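Colleague: Could you walk me through the charged pairs in this model, one at a time? I'd like to know who pairs with whom and where the partners sit.

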Amino acid sequence: MSTDQAQPSPQKSLAYRIGQPLTRAWFRGFHDVQWLHPERVPETGPVLVVANHQSYYDPPLIGAGITSRPLDYLARAGLFKNPVFGRFISTFNAFPIKEDSGDRAALEAVIGRLHAGGAVLLFPEGRRTRDGHVMSLKRGMALVLRKARCPLLPVAIDGVFDVFPPGQKRPSLFHGPIGVHYGEPIMPDELPRHAGPLLTMLHDRLEAQRLELRLELLKKSGGRFPAPLSPKTPPAVE
């Protein structure tokens, strides 16, 4: 497939159109959110959006900042075990991937949605961080990019680890600021051809964007938030 930015993109569903402004109001009201450079997200055509993963908040937080088009979300299959909740998140374009094994069908579904002109969000770490830093990235993303031949958009988030970390049942309201930093799209011809260098480049890009965002959040909070992170464990490409 060739990159075609003029290709029509899927439209927002009714649920998406209703839910997105409510989600934006939630994050603004309870967490003083900052969305940096959402205008960098291409308005049409296929794009693979990849982000670091700090919290359950991450998918709606990233999607709420993009008003020009809907996102499709690759989500853990366990979230669909409850049929009511599964149908609910499906109305917001979520679709499942098995957590503990290579799910080739899910990756093919990602490629299919990209071929249809969609914007698909995935978290290449495969799970939420345990220390706030960007962890090592899984190779499935490289397979998707090789087959889809579409732009890659790196997105970093920060502050969310402090308000809704793994192991905490509910978010800490009126706590923040939190933020999302949308990076510059990277064209297919600009990406390393082999998986190892590609994952290393993307890991470093995400961590650099996250640190830039952290500085913005610290300025906004007068240095009070986010809290310092524990020392980083050196990443290892899986």
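Which residue forms a salt bridge with glutamate 108, and how far apart are the closest N and O atoms?

Modeller: Glutamate 108 pairs with lysine 147, and their closest N and O atoms are 3.3 Å apart. Keep in mind that this is a predicted model, where local features need pLDDT of at least 70 and side-chain atom pairs count only at pLDDT 80 or more, while totals for chains, interfaces and linings use all residues. Numbering runs from 1 along each chain as its sequence is written, and side-chain values use heavy atoms, with hydrogens and water left out.

A salt bridge here is a side-chain nitrogen of Lys or Arg within 4 Å of a carboxyl oxygen of Asp or Glu. That rule gives 9 salt bridges. In the pair you asked about, two distant parts of the chain are linked: glutamate 108 is in helix H4 (residues 104–115) and lysine 147 in helix H5 (residues 140–148), 39 residues apart. (Helices, H or I of at least four residues, and strands, E of at least two, are DSSP runs numbered from the N terminus.) Glutamate 108 has a relative accessible area of 35%, so it counts as partly exposed; lysine 147, at 35%, is partly exposed too. The cut-offs are under 20% for buried, over 50% for exposed and partly exposed in between, with a 1.4 Å probe and protein chains only.

Next, take aspartate 189, which bridges to arginine 149 with 2.8 Å between the closest N and O atoms. Here loops are joined: aspartate 189 is in the one between S7 and H7, and arginine 149 is in the one between H5 and S6, 40 residues apart. Aspartate 189 is exposed because its relative accessible area is 67%, whereas arginine 149 is partly exposed at 35%.

Then there's aspartate 158 with arginine 214, whose closest N and O atoms are 2.7 Å apart. Aspartate 158 is in strand S6 and arginine 214 in helix H7, so this bridge ties together parts that are 56 residues apart in sequence.

Arginine 224 counts as exposed, because its relative accessibility is 68%. Its C-alpha atom is 39 Å from that of proline 46, a residue 178 places away along the chain.
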